[in-house]
Amino acid sequence: MKAITVEPKKPGSARWEEVPEPAVSEGSVLVEAVAVGVCGTDVEIVEGKYGWPPPGQTRLVLGHESLGRVLDPGPSGGLRKGDLVVGIVRRPDPVPCPNCAVGEWDMCRNGEYTERGIKEIHGYMSERWRIEPEYAIKVDPSLGIHGVLLEPMTVIAKALEQVVAVGQRSFWEAKTVLVTGAGPIGLLAACGAKLHGKDVHVLDRVEAGPKPELVRALGATYHSGSVLRLPFEPDAIIECTGVGSVIADAIQKIGAGGVLCLTGVGGGGLSGYAVADVAAKVVLKNNVLVGSVNANKRHWYKASQALAEADRRWLSRLITRREKPESFEQALQRTPDDIKVVIQFSEA
Ligand SMILES: [Zn+2]
């Protein structure tokens, strides 16, 4: 079979090439790939900035936003041939740390977890892949190709759960939710918050293109420009840009008692904000800044429920481009109107 592979930390080494069939040791469920979403992490791996091959190997099969169809469910009773499934990305560390020991691998404390298509386990950009039945999440068959959005939705399911969990510390409810950044994660955050019945606002730099209309189609309000100029103070902010100035403005703008959940990973300066001044704002308004990454099985289940509830026509507008596996290089090139680009291996 063929797969998109890369030699991690070696720029320009990605290839669509012949590889052996997936090893039975990778799981008793055999799956035919339908589609795999592309995200910034894949681009970083191909650029040689990130990623680790499996122990004893030099190349890694890329891809972690999967969707596939079960070819052979193996001895497990929970799956049938033809089911649409998505593979969980992270596996607990082998020690394990206390969080991995109780199934909270998203909260791993020692960093020795592994991740399919990223860290020491082959990913899902191969014509066929295998998975352990307990890490295969069945998606609603009516979702079809949109099931490929499940992995990014799990990030949101966890982030929203974190906001609610933190909010329990006082008499508080997030009525108004601001999402900063209208990329795939931001738009799915808006969709998820809307399904929770929130008054949802999305802020992004762009004033044209598909994003403003996608936000309005959810019944949410779109804003461009500075967070500081918004005419309200949000109860909760889901930060999806990772941009220092946006984060600093979000800390200034969040309402008293509000929760700012950071999901974006950026880098760079403090944009002129002194840390002690930021801290003073957080102290005087009883704010919580909470970082959130990855997802555990509970979040995967919640995300699958949320995606099944979402409007299919709206979801279909998030997938702005489909490329063939042999054209993976085009899939990794972002164009201004791209939201989610997927590599399609077979029909959903
Ligand atoms: Zn752990």
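Colleague: What makes the arrangement around the zinc ion tetrahedral?

Modeller: Its 4 donor atoms subtend angles of 98 to 121°. Four donors count as tetrahedral if all angles lie between 85 and 135 degrees, so the zinc ion's arrangement is tetrahedral. This is a predicted model, where local features need pLDDT of at least 70 and side-chain atom pairs count only at pLDDT 80 or more. Residues are numbered from 1 along each chain, and side-chain values use heavy atoms, without hydrogens and water.

Colleague: Which residues coordinate the zinc ion?

Modeller: Asp93 (OD), Cys97 (SG), Cys100 (SG) and Cys108 (SG), at 1.9 to 2.4 Å. Donors are N, O and S atoms within 2.8 Å of the metal (3.2 Å for Na, K and Ca). The spacing in sequence is D-x3-C-x2-C-x7-C.

Colleague: Why does cysteine 97 count as buried?

Modeller: Its relative accessibility is 5%. Buried means under 20% relative accessible area (1.4 Å probe, protein chains only), so cysteine 97 counts as buried. Cysteine 100 is buried too, with 6%.

Colleague: How do you know that strand β12 and strand β15 pair?

Modeller: Two strands pair if DSSP finds at least two bridges between them. Strand β12 (residues 176–180) and strand β15 (residues 236–239) have 4 bridges, in the parallel sense. Strands here are DSSP runs of E, at least two residues, and helices are runs of H or I, at least four. Leucine 178 has isoleucine 237 of β15 as its bridge partner.

Colleague: What is the strand order of the open sheet?

Modeller: The order is β14-β13-β12-β15-β16-β17, with parallel pairing. The edge strands are β14 (221–224) and β17 (288–291), because each pairs on one side only.

Technical notes
Four donors count as tetrahedral if all angles lie between 85 and 135 degrees; four count as square planar and six as octahedral if opposite donors are over 155 degrees apart and all others between 65 and 115; anything else is irregular. Buried means under 20% relative accessible area, exposed over 50%, partly exposed in between (1.4 Å probe, protein chains only).
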